[in-house]
Amino acid sequence: GPMEELFAEKCGSCHSIGKGARVGPDLKGAHERHSPEWLHQFIKAPSSKLDSDPDARALLKKYNNVRMPDLGLSDEQVDGLIALIERCSAQPCNLAGAFRPVTEATPEDVALGRALFTGEQPLSAGGPPCISCHTARGIDTPFGGGTLAVDLTHVFAKLGDEGLDSALKSPAFPLMKDIFADKKLTKEEAFAIRAFLSAANRSEQDEGDTFGLLLAGLLGAALCLVVLNALWSRRLRGIRKPLIQSSGVVS
């Protein structure tokens, strides 16, 4: 319905309803944690709440001081979103629409995502490549990636597949929102970039696992050497004592 579409467009890049925290809190049960008036004021104009309200400031601190931008919603849209939160808290809703999970991605999709990320393949609407502001594991350009915004290596793990899809197609972060306001990614471009960022996140995890296995192996070998040394020393003492006694040497 229209409220599900509005949530996906305006809220889904930072929030879910029942699928865990993303950039901001999971909104499941938010209508029970806060009064309708508080929720309405916060969704309508988060900037004023974040500057003045203790509960809002506590949430800001908990979620790494990432400020929710004012979304320009009407009173009717805000009320509709609050009703959606209440309904989807009680019964899970499909807030992602016709969603293609990244588990369906091929190596070709990952390669296309990398090319879109670096700008080797231009975005169809003319938006700047991700590398203008971001870097991620797996890009192999002479100058690395951008440093104006966060490293995206772990963004797939942080936002989840659906959250990252929303963040790419309808970014809520103030700078991205302005840059891509009239240069939106297509669903195919968003899917390919998701595939690349999923692979980047997975490759770093694999490297960490390899290091962990190597470290565990080295520690295990060291422990074996300690045990073998103790056993060998005990055995040598057991052989040495009778030899000394038979030779008449007092020890």
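This report describes cysteine pairing, nonpolar packing and the surroundings of one aspartate in a predicted model.

Residues are numbered from 1 along each chain as its sequence is written, and side-chain values use heavy atoms, with hydrogens and water left out. Because the model is predicted, local features need pLDDT of at least 70 and side-chain atom pairs count only at pLDDT 80 or more, whereas totals for chains, interfaces and linings use all residues.

**Cysteines**

A disulfide is taken as a pair of cysteine sulfur atoms within 2.5 Å, and by this rule the count comes to 1 disulfide. It joins Cys88 and Cys93, whose sulfur atoms lie 2.0 Å apart, and with -100° about the S-S bond this link is left-handed. Cys14, by contrast, is in no disulfide, the nearest cysteine sulfur being that of Cys11 at 8.9 Å. For Cys133 the closest cysteine sulfur, in Cys130, is 9.2 Å away, which is too far for a bond.

The table gives relative accessible areas, where buried means under 20%, exposed over 50% and partly exposed in between, computed with a 1.4 Å probe on protein chains only.

| Residue | Relative accessible area | Class |
|---|---|---|
| Cys88 | 3% | buried |
| Cys93 | 21% | partly exposed |
| Cys14 | 13% | buried |
| Cys133 | 18% | buried |

**Nonpolar cores**

A nonpolar core is a set of buried Ala, Val, Leu, Ile, Met, Phe, Trp, Tyr and Cys residues joined through side-chain atoms within 4.5 Å. The largest such core holds 28 residues, of which Phe117, Leu164, Ile193 and Leu197 touch the most other members. Helices α7 (107-118), α8 and α10 (187-247) each supply at least two of its residues, with the largest share, 7 residues, coming from α10; helices here are DSSP runs (H or I, at least four residues) numbered from the N terminus. Taking contact as heavy atoms within 4.5 Å, and leaving aside neighbours within four places in sequence, Leu197 is in contact with residues including Phe117, Leu152, Phe156 and Leu164. Another core, of 22 residues, lies apart from the largest one and has Leu27, Ala30, Leu84 and Leu95 among its members.

**Asp165**

Asp165 lies in helix α8 (residues 155-169) and is buried, with a relative accessible area of 5%. Its contacts, neighbours within four places in sequence again set aside, are Phe99, Ala190 and Arg194. With Arg194 the side chain of Asp165 makes a polar contact, side chain to side chain, at 3.1 Å; such a contact is a pair of N or O atoms within 3.5 Å, where within protein one must be able to donate a hydrogen and the other to accept it, and residues adjacent in sequence count only if both atoms are side-chain atoms. The C-alpha atoms of Asp165 and Ile193 are separated by 9.0 Å, although these residues stand 28 residues apart along the chain.
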